[in-house]
Amino acid sequence: MSDATRDEDLAAAHPATSTVAVGEPTPVTGPTVSRSSVKHTGHRRSLADLTANYGVVLFLGLLIIGFSIGLPDKFPTTENLRVILGDNAVPGLLALAVVLPLAAGEFDLSVGATLGFTSILTAQMTINGVPVSIAIVLAILCGALVGVVNAVLVVGIGVNAFIATLATATVLSGLNLLVTNGRTLFQGIPDDLKVIANSRLLGLDLTVYYFLIGALILWYLLEHTPFGRLLRATGMGREAARLTGVRTSGFLASSFVVAGAIAGLCGALQLARVGSATASMGPEFLLPAYAAAFLGSTTIRRGQFNVWGTVVGTFLLAVGITGLTFAGAPFWVPNVFNGGALIIAVSAAVLVGRRAGDAT
């Protein structure tokens, strides 16, 4: 049999390899993967990413659905929605304030005490005839001044931020007792101040719009300006950012000042909201603010403290506490709920950050 005839017979017997010349190495191919299996895997991965990125949002939706079904006469009402939004606008704004130092890699534990102090300061000023607009501006400036003190202690002197801001909060609590002498301030607070918080627009209290405007401004500042990018760089690796030319001290200091100014505004708004100020007002706002911020860091932009995640975290806490209260939960449940939420949120944030570090 001739060589040509043998080659033809081999080609006929093995058509899949008939294009390979005799004497040449046969190409090695891997397992065949169908397009449908790749597409299916991509869908599963996309669903997993969506669930991971928006898990807190989904949980908020489930809470709303669950309480609406379980408490149909109390929870899913227009009035309850208005109250939830209105009552949590100031706490939400304070939660946005703590996002700034957190994004820079530090804690500010004085924002709650700043809220209480500026609330008392605003009450004293308006009772003594200071115009409402001027009193609010002075409250904001006072909050910013507290931020300056924190910045000097942390950035200028090098005191640990946790200790410095806790000390500032303690000093402010003492000043609250000095100014009020332990009394509740409510007589003589002008109605003009109450109007700016409790008036309604399109069925919602004005404080809701202040919260929304503050969220939009802060979102733009953090996500679409060089300030926001460099502030995050300061928090993600301060020494590395400094070596690349970032003025990390200035960005860290500015985060304390802006956070204090927002807390000062929150103090004036809280006074306008409730119509009174007490020496003990303020500290109870701190833990929910941090719980909302850490919950926010696990959703929408996982691993980063972000504005819209914090907004979601704020209302998740509010919906949970409101629903449990309507269900007849005892008076101690809100504290346990907030504390548990903070533990879970911080743990989740640590795990998210660890996985992101492993991925890189």
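1. Let's start with Leu145: in this predicted model, Leu145 is exposed, with a relative accessible area of 52%. The cut-off for "exposed" is over 50%, so Leu145 falls in that class. Its place is in helix 7, which covers residues 132-157.

2. Now to helix 11 (226-236). Its buried residues are Gly228, Leu231, Arg232 and Thr234. Seen down the axis of helix 11, these buried residues fall within an arc of 155°, so they line one face of the helix. As helical background, an α-helix has 3.6 residues a turn, so residues three or four places apart point the same way. On the other side of helix 11, Pro226 and Met236 are exposed.

3. What covers the buried residues of helix 11? The cover includes helix 5 (89-103), helix 10, helix 12 (238-243) and helix 13 (248-274).

4. One more spot for your attention is Thr225, in the loop between helix 10 (206-223) and helix 11. Is Thr225 buried or exposed? Thr225 is buried, because its relative accessible area is 14% and the cut-off for "buried" is under 20%.

How values were computed
Residues are numbered from 1 along each chain as its sequence is written. This is a predicted model: local features need pLDDT of at least 70, side-chain atom pairs count only at pLDDT 80 or more; totals for chains, interfaces and linings use all residues. Side-chain values use heavy atoms; hydrogens and water are left out. Helices (H or I, at least four residues) and strands (E, at least two) are DSSP runs, numbered from the N terminus. Buried means under 20% relative accessible area, exposed over 50%, partly exposed in between (1.4 Å probe, protein chains only). The arc is that of the directions from the helix axis to the C-beta atoms. Contact means heavy atoms within 4.5 Å.
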